[in-house]
Amino acid sequence: CSSDEKEAPYIERPVEQIYSEAGNAIDRGEYQKAALLFGAVEQQHPYSTWAMRAELMAAYAYYQANKYEEAIGSLDRFISLHPGNPNVAYAYYLKGLCYYEQISDVRRDQTPTVQSLKSLEEVIRRFPTSPYARDAKLKIDLTRDHLAGKEMDIGRYYQSVGLNLAAMKRFRQVVDQYQSTSHVPEALHRLVEVYLSLGMLDEARKAAAVLGYNYPGSDWYQNTYDLVKDLPKPRVIPVNLTAQPADTPAATPAAGPRAGAPVAAPEGQTAPAVDKPDAKPADLKAPEQKTTDQKADDKGEKPRQESKDRGFLGWLFGD
Amino acid sequence: CTPTVNNRGNLVEDRRLADVHPGTSTKEDVQKALGSPSTTSTLDANVWYYIGAITENEAFFDPDIVQQRVLQVSFNDQGVVSAIGDVDLTQQQDISPEDRETPTAGHEVTFLEQLMGNLNREKKKDDKKKKGGG
Amino acid sequence: QEILSGGVIKDIRVEGTQRIEQATVRSYLVVSQGDAFNPDKIDESLKALFATGLFADVTLRRDGDTLVVAVVENPIINRVVFEGNKRVKTEDLQSEVQLRSRLVFTRSRVQQDVQRMLDVYRRNGRFAARIEPKIVQLEQNRVDLVFEIDEGPLTGVQLISFINNNIYDDSELRDVMVTKESRWWRFLSSDDTYDPDRLAYDKEQIRRFYFRNGYPDFRVMSSVAELTPSRDKFFITMALDEGKRYKFGKIELTSAIKDIDLAPLREVIETKEGDWFNADKIESTINKLQDKLGDQQYAFVQVDPNEERHADTQTVDLHFEINPSPRVFVERIDINGNLITLDKVVRRELLLAEGDPFNASKVKRSEQRVKDLGFFDDVKIKPSEGSTPDQAVLTVDLSEQSTGEIQVGLGYSTTEGALIDFSIRQRNFLGTGQDIRFSTMWSYYSKEFTISYTDPYFMNRDLAMGVDLFRTDRNANTTEESYSYDMSSTGFDIRAGFPISDRLRELVTYTLSHTRISDITYETTRFVQEQVGATTTSSVQSALTFDARDSRLKPTSGYYFTVTNQVAGLGGSVHFLRNRLTSGIYFPLFSNVVLKVEGEIGYILGLGGEFVRIQDRFFLGGDTLRGFQVAGVGPRAFSSNGGNDALGGKRLVRGTSEVTFPLGLPEELGVDFHVFTDIGALDQSGESPLPGDDFHDEFAFRASSGVGVSWKSPFGPIRIDLAYPWMKKSYDRIQQFRFSFGSQF
């Protein structure tokens with residue numbers, strides 16, 4: 001535990017007395033005091049059967065008191081000392097929660113989000129059948145959604161200052177790496193916006209097709225549809241390398257002659273190998289009217305979980 | 001007074017294009033000559049794009065583009081260059097981005113919290129400070 | 001342990017566990033039920049159990065077909081106590097030591113902790129420290145760990161001496177070093193204690209010193225530090241090999257890339273043929289060439305210097321070669337450590353965006369730009385390889401410092417008397433980079449309130465927009481005879497600042513203020529009496545600044561100039577044009593001694609011949625002309641009944657030259673001495689003399705010279721100035737001693 005933890009007054013007392021006092025402190029919600037008392041149990045009676053439980057209870061009390069650093073410290077100790085204990089699953093899960101609670105908004109440092117993802121994934125990997133795996137899975141989705149939110153925030157910044165290539169890379173990152181998150185529809189729409197401002201009409205149409213096919217009811221598709229429904233035919237001017245182009249010096253500011261004379265665009269524009277949607281880009285479907293029930297892309301629960309998990313107490317005080 | 005000049009993205013000069021020959025050059029040749037593609041097509045990994053520009057910005061005005069190029073290099077299924085072309089930049093659309101955002105959550109730093117500086121994560125002590133005077 | 005091989009392990013029995021579960025012990029065993037009794041496997045299990053560090057002793061023996069694992073658990077630490085540490089605080093030791101209450105006690109960990117504590121003492125210059133760990137057995141296999149510490153004396157550096165240094169003598173070389181010999185007057189500094197890291201740094205300093213002065217072959221053969229038997233003093237000896245002195249020979253600049261114009265690049269080369277060899281000049285030439293190429297938009301070029309040493313002619317030929325560097329692009333920029341600051345507040349300072357060509361000098365300049373924000377005490381941008389060899393990932397690691405300031409100050413200055421000031425400021429409001437400040441100042445003669453807000457990147461553009469609201473009341477100050485009337489003004493201004501080029505910056509400010517002059521005293525001159533009343537000023541001001549100084553906070557070289565033009569008359573009751581030119585040059589004389597020469601000329605013109613009111617005129621004296629009172633110089637009227645008023649002037653010329661030096665005290669004390677000379681002249685009040693007032697208005701230079709001390713003391717900045725005005729007019733108001741002290745707590 002960190003060095004600034006106030007040492008409980010050091011008086012030797014029978015273990016049961018300290019333990020029940022700590023339990024009452026939890027019930028009264030005095031988590032800080034409870035954590036110190038559980039710490040005392042472990043310190044004075046390390047070999048009693050209570051010590052192991054006290055170690056976990058100390059972590060739980062620290063977690064409730066939002067002292068995440070201390071909670072993680074004592075959880076790590078529990079995990080290393082009692083790898084075989086049936087409650088080690090809960091220890092991993094609580095550790096994931098400690099990081100999860102510290103997730104700050106997308107525009108700031110996301111280290112706790114990454115740590116939370118790592119420890120929650122460990123819960124699923126080691127204890128797939130434990131009661132905590134289900135909630136860990138839900139929290140993993142929300143954490144990944146959060147990381148996707150950060151990519152979008154940076155992408156929107158680059159777009160707002162006209163750095164379209166940088167914005168495009170960030171939005172592509174969301175589409176490629178975070179496919180199951182709530183940000184994909186917006187990412188696809190942003191890609192359409194960026195492709196259009198760069199003149200890549202063909203790519204804009206393709207991205208619109210993917211968005212229309214996968215999220216027909218989404219507002220984002222409505223926005224995209226308005227942008228792409230009456231686009232001119234995309235033109236790509238072939239670079240004719242036969243005529244020796246004037247030797248433009250290496251990236252000097254002097255604007256070199258445009259590559260090749262503007263030649264009529266080739267007719268047979270091969271249809272893009274659209275693997276996801278079967279709809280050809282030409283016949284983009286009009287967006288469906290939103291049904292009254294929940295829209296596909298807004299997720300209810302926020303990562304910051306107000307109510308702490310009560311399941312654990314049942315185990316402890318139950319028997 | 002001279003505006004600040006910026007090199008954005010991967011602006012392919014014609015000189016470097018001379019080493020790329022449709023029908024013979026493979027993806028590795030293009031990678032060696034022009035570098036990694038700025039991006040690939042959303043749906044088709046066989047279409048590479050090289051996007052680059054030189055911009056000048058003065059004071060706080062929007063940067064104006066001195067030179068820009070969006071080069072498209074398409075490969076056939078064997079990964080050999082089938083076509084090279086410039087996207088027609090006159091087709092660039094002037095769009096204003098949608099200002100709606102997909103909601104995200106997470107703990108917002110409040111003013112008081114910043115003033116008191118008691119963020120719930122302790123700052124790691126910098127060991128330089130531990131050297132301390134004699 | 002005679003484990004007979006052969007037979008199958010039917011059962012495994014674990015004995016002696018108290019705190020650790022049997023299952024945990026079994027999980028570390030390599031053998032399990034049903035395996036054969038195989039000595040190697042069992043030996044492996046033994047090693048595995050020991051490796052956990054949980055057990056003091058482990059024995060494996062065979063009881064028939066049962067493998068018996070007997071363990072003795074390591075004791076648990078109940079408490080860790082430090083005794084005898086005076087110089088180093090317990091918390092510092094605690095954070096250095098790994099063992100804590102409730103952890104497992106092992107002999108090896110105690111030894112490591114003792115070594116860690118000795119390192120702390122070494123770093124603080126106490127090499128004679130001794131530490132004895134003691135164990136107090138408690139029941140239930142627990143121990144209290146007591147570290148008995150004998151800190152011993154400070155081990156100072158008695159003597160630093162050099163061998164075969166024929167060109168520079170010992171004292172010259174000692175000046176180059178940071179480590180100093182212990183002397184009684186160095187009680188404040190810790191530089192005279194022995195610290196091996198600092199000594200290694202000193203070796204490097206001496207090497208660079210010789211390289212700067214023409215000795216490329218210089219080498220430090222050996223550097224030895226012997227401890228005296230009394231273990232409190234060190235003798236340091238360095239053996240050198242200076243080598244011969246070289247000059248620069250032929251200097252060449254070529255480029256492997258065609259059509260690079262070499263002419264402008266040649267001007268930047270600092271290494272001239274015939275000069276003494278100087279490694280620093282070579283380095284700064286390379287940086288300058290690199291920057292110039294960067295400005296000409298050559299994204300992938302690097303400058304490689306090759307030296308050719310001719311021992312016979314003792315000359316070094318230099319050939320600067322411009323070669324293409326590998327084409328690398330920035331794949332991704334990750335920003336970490338911004339707990340409060342928003343990502344975009346940092347990202348917008350970077351000169352590179354994702355996808356751009358990688359450019360080392362732009363990365364360096366970006367790091368400096370983020371540091372200049374003043375929100376972080378540490379900024380590091382580290383490139384690492386991206387997903388393909390020709391792509392790089394930039395990681396920006398930040399450690400934030402508090403940007404909120406609450407200052408409550410008690411001060412005294414000879415012009416204002418006792419004063420109280422209170423200000424609350426947040427330079428990085430909610431991490432958005434916006435600056436919000438509220439400040440107020442109360443003294444016997446004047447009261448001020450200001451609220452100001454600035455957004456450095458308005459609408460994501462490089463445009464700093466700001467708003468200030470202000471109110472100042474200044475009462476008559478008959479005792480000091482500077483102002484004999486009350487003046488109060490209230491108003492607001494809106495300002496916008498933006499860069500024209502990377503050194504030239506423009507600041508446009510619109511100001512609307514309402515000023516009232518009142519409560520004149522019996523002695524006030526008739527002239528001022530006519531100016532009683534209120535006026536509204538609505539003005540636009542443009543301030544164009546060219547700043548080529550090396551730093552804004554503590555400039556040591558470079559120059560700046562500012563041209564300010566203010567037009568009042570867009571509405572409001574006052575119409576004038578006020579122009580000012582201010583310029584300053586800084587000369588670094590020798591190590592951290594700086595000469596500053598600064599000048600200002602100003603002129604006000606009443607538009608349409610309008611009479612310029614007293615509150616809009618220039619005044620001279622106090623801070624602007626030391627040795628004289630505030631408004632102590634310039635046109636002055638004397639009323640028939642003994643009062644007098646400074647009328648201010650429309651034409652101002654002033655200049656100052658000041659040398660600042662630390663006078664040998666260590667820098668961290670923050671004490672600076674100043675020697676200065678101020679000159680100034682103010683005239684053209686534009687008044688025709690009124691009957692009943694005696695009147696002076698002439699263009700005559702005043703001058704004063706003096707010394708000053710400034711000290712950034714722990715409880716606030718103190719400044720004392722003593723100036724003697726050796727060129728003055730009879731009617732000027734003198735003030736030779738100025739003192740100001742402000743405390744923040």
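Here are some questions and answers about the predicted model above.

Residues are numbered from 1 along each chain as its sequence is written, while chains are lettered from A and ligands numbered from 1 in the order in which they are written. In this predicted model, local features need pLDDT of at least 70, side-chain atom pairs count only at pLDDT 80 or more, and totals for chains, interfaces and linings use all residues; side-chain values use heavy atoms, with hydrogens and water left out.

Q: How many residues of helix α7 of chain A are buried?
A: Helices here are DSSP runs of H or I with at least four residues, strands are runs of E with at least two, and both are numbered from the N terminus. Helix α7(A) covers residues 131-160, and its 45 Å from first C-alpha to last is close to the 44 Å expected at 1.5 Å a residue (1.5 Å times one less than the number of residues). Buried means under 20% relative accessible area, exposed means over 50%, and partly exposed is in between, using a 1.4 Å probe and protein chains only. By that cut-off the helix is mostly covered, and the buried count out of its 30 residues is 23.

Q: Is K137(A) buried or partly exposed?
A: K137(A) sits in helix α7 of chain A. Its relative accessibility is 42%, so K137(A) counts as partly exposed.

Q: Which residues of chain B does M168(A) touch?
A: Contact means heavy atoms within 4.5 Å. Leaving out residues up to four places away in sequence, M168(A) touches chain A residues including L191(A), V194(A) and M200(A). Its contacts in chain B are T39(B) and I51(B).

Q: How many salt bridges does a search of the whole structure find?
A: A salt bridge is a side-chain nitrogen of Lys or Arg within 4 Å of a carboxyl oxygen of Asp or Glu. One of them joins K288(C) and E270(C), with the closest N and O atoms 2.3 Å apart. K288(C) lies in helix α8 and E270(C) in the loop between α7 and α8 of chain C, so the pair ties together parts that are 18 residues apart in sequence. Over all chains, the count is 71.

Q: Which helix holds both E367(C) and K371(C)?
A: E367(C) and K371(C) form a salt bridge, and their closest N and O atoms are 3.6 Å apart. An α-helix has 3.6 residues a turn, so residues three or four places apart point the same way. The two are four residues apart, about one turn, and both lie in chain C helix α10.

Q: Is D721(C) buried or partly exposed?
A: D721(C) forms a salt bridge with R719(C), at 3.1 Å between the closest N and O atoms. R719(C) is partly exposed at 22% relative accessibility. With a relative accessible area of 6%, D721(C) is buried.

Q: What is the area of the nonpolar surface patch that includes F587(C)?
A: Patches are made of residues with over 30% relative accessible area and no salt bridge: like charges are joined within 9 Å, nonpolar side chains (Val, Leu, Ile, Met, Phe, Trp, Tyr) within 5 Å. Areas come from the Shrake-Rupley method with a 1.4 Å probe, and for residues only the protein chains shown count as cover. β24, β25 and β26 of chain C each supply at least two residues of this patch. Its members include Y559(C), F587(C) and I601(C), and its area is about 840 Å².
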